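Take a look at the model below. This report covers aromatic pairs, a ligand site and a helix.

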Amino acid sequence: MTCTLETRDLTIRFGGHVAVNSVSCTFRPGELTAIVGPNGAGKTTYFNLISGQLRPTNGSILFDGGDITQLSAPLRTRAGLGRAFQLTNLFPNLSVEENVRLAVQSASGVHYDMLRPWMMRKDLIARADAILDKVALGSRRSVAATALSHGDQRKLEVALMMALEPKVFMFDEPTAGMSIDEVPVVLNLIGQLKRDASKIILLVEHKMDVVRSLADRIIVLHNGQLVADGKPAEVIASPIVQEAYLGIAPGKSAA
Ligand SMILES: Nc1ncnc2c1ncn2[C@@H]1O[C@H](COP(=O)(O)OP(=O)(O)OP(=O)(O)O)[C@@H](O)[C@H]1O
Ligand SMILES: [Mg+2]
């Protein structure tokens, strides 16, 4: 059975405000879906519902053949849902390298063992090194996580998610606040992840050029509702996106 991720009628209310409103959508392996929509549309809230940071008021989430709606966030991570870590949840005073090694170790299920100390686990160290190279943090390996620049912190978040080898990668504005020269590293990484046809990738992104270059599919959220879903060219050209998202009157073309 292929591993799919599906939300059914997924809904959450905050008081009188319906932030995510009956969103039904299925995500398949080998597909990078961009989730776009105006500020406040419910994109991050939708991610929080999928990763388990929030519980829905209504609806369900199905993953890999099971209903995960009631699973805690850590159990969802273990099941294969990868959400970029917040560095505050990690080991801010440990080095970049130590953080990545710990994530690799945790993913491998190897726990600290006096007889087989960490330094002997050459395979795990090699895997951590490979990930550090991929995210271009090799030269920053000895720096404490908190001392990294904003862009490097985002790269470390991606590294930690990669270390867990999830089935689903979730990126919420991965390049936000990055300097121009840092952006391509992260975009190339996401592009590389796409080559693995067994992965589901969800990307919340405002920059339309990024969406165009990476997405296989775009879904549009507006006022918590799913208002468009399809191939990038079709969705970008649709009147709802032209008007509601890009703020362009029908008949005129998007930039
Ligand atoms: N914990 C919360 N309590 C109350 N309201 C919330 C909460 N989280 C989100 N909201 C509201 O839900 C709506 C959707 O917010 P969300 O952060 O999901 O939007 P978004 O699409 O990610 O926007 P942006 O593009 O600015 O990141 C907003 O109106 C927001 O104020
Ligand atoms: Mg958001």
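## Buried residues

A residue counts as buried when its relative accessible area is under 20%. This is a predicted model. Phe-27 has a relative accessible area of 0%, so it is buried. Tyr-46 is buried too, because its relative accessibility is 0%.

## Aromatic pairs

How many aromatic pairs does the structure hold? There are 2. In one of them, the ring centres of Phe-27 and Tyr-46 lie 6.5 Å apart. Their planes meet at 55°, so this pair is tilted. Planes under 30 degrees apart would count as stacked, and planes over 60 as edge-to-face.

Where do the two partners sit? Phe-27 belongs to strand β2, residues 17-27. Tyr-46 belongs to helix α1, residues 43-51. The pair therefore ties together parts that are 19 residues apart in sequence.

Phe-169 and Phe-171 also form an aromatic pair. Their centres are 6.2 Å apart, with 5° between the planes. This pair is stacked. Both Phe-169 and Phe-171 are buried.

## Around ligand 1

The shell around ligand 1 has 13 residues. Asn-39, Gly-40, Lys-43, Thr-44 and Thr-45 come nearest. By type, the shell divides into 4 nonpolar, 7 polar and 2 charged residues. Strand β2 and helix α1 each supply at least two residues. The largest share, 3 residues, comes from α1.

Which atoms lie beside the oxygen atoms of ligand 1? A polar side-chain atom of Thr-44 is 2.8 Å from one oxygen atom of ligand 1. For Ala-41, a backbone N or O atom lies 3.2 Å from an oxygen atom of the ligand. For His-17, a polar side-chain atom lies 3.3 Å from an oxygen atom of the ligand. On its own, ligand 1 has 640 Å² of accessible area, and the protein covers 59% of that.

## Helix α1

The buried residues are Lys-43, Thr-45, Tyr-46, Phe-47, Asn-48, Leu-49, Ile-50 and Ser-51. Lys-43 and Thr-45 are also among the residues that come nearest to ligand 1.

Just after α1 comes Gly-52. Gly-52 takes a positive phi of about 100°.

Definitions and conventions. Residues numbered from 1 in each chain as written. Chains lettered and ligands numbered in written order. Predicted model: local features only at pLDDT ≥ 70, side-chain atom pairs only at ≥ 80, totals over all residues. Heavy atoms only, no water. Phe/Tyr/Trp six-rings, centres within 6.5 Å; stacked < 30°, edge-to-face > 60°. Helix = DSSP H or I, 4+ residues; strand = E, 2+ residues; numbered from the N terminus. Buried < 20%, exposed > 50% of the residue type's maximum accessible area, 1.4 Å probe, protein only. Near = heavy atom within 4 Å. Polar contact = N/O pair within 3.5 Å; in protein donor to acceptor, adjacent residues only side chain to side chain. Areas by Shrake-Rupley, 256 points an atom, 1.4 Å probe, with all protein chains shown as cover. Nonpolar A, V, L, I, M, F, W, Y, C, P; charged D, E, K, R; others polar.
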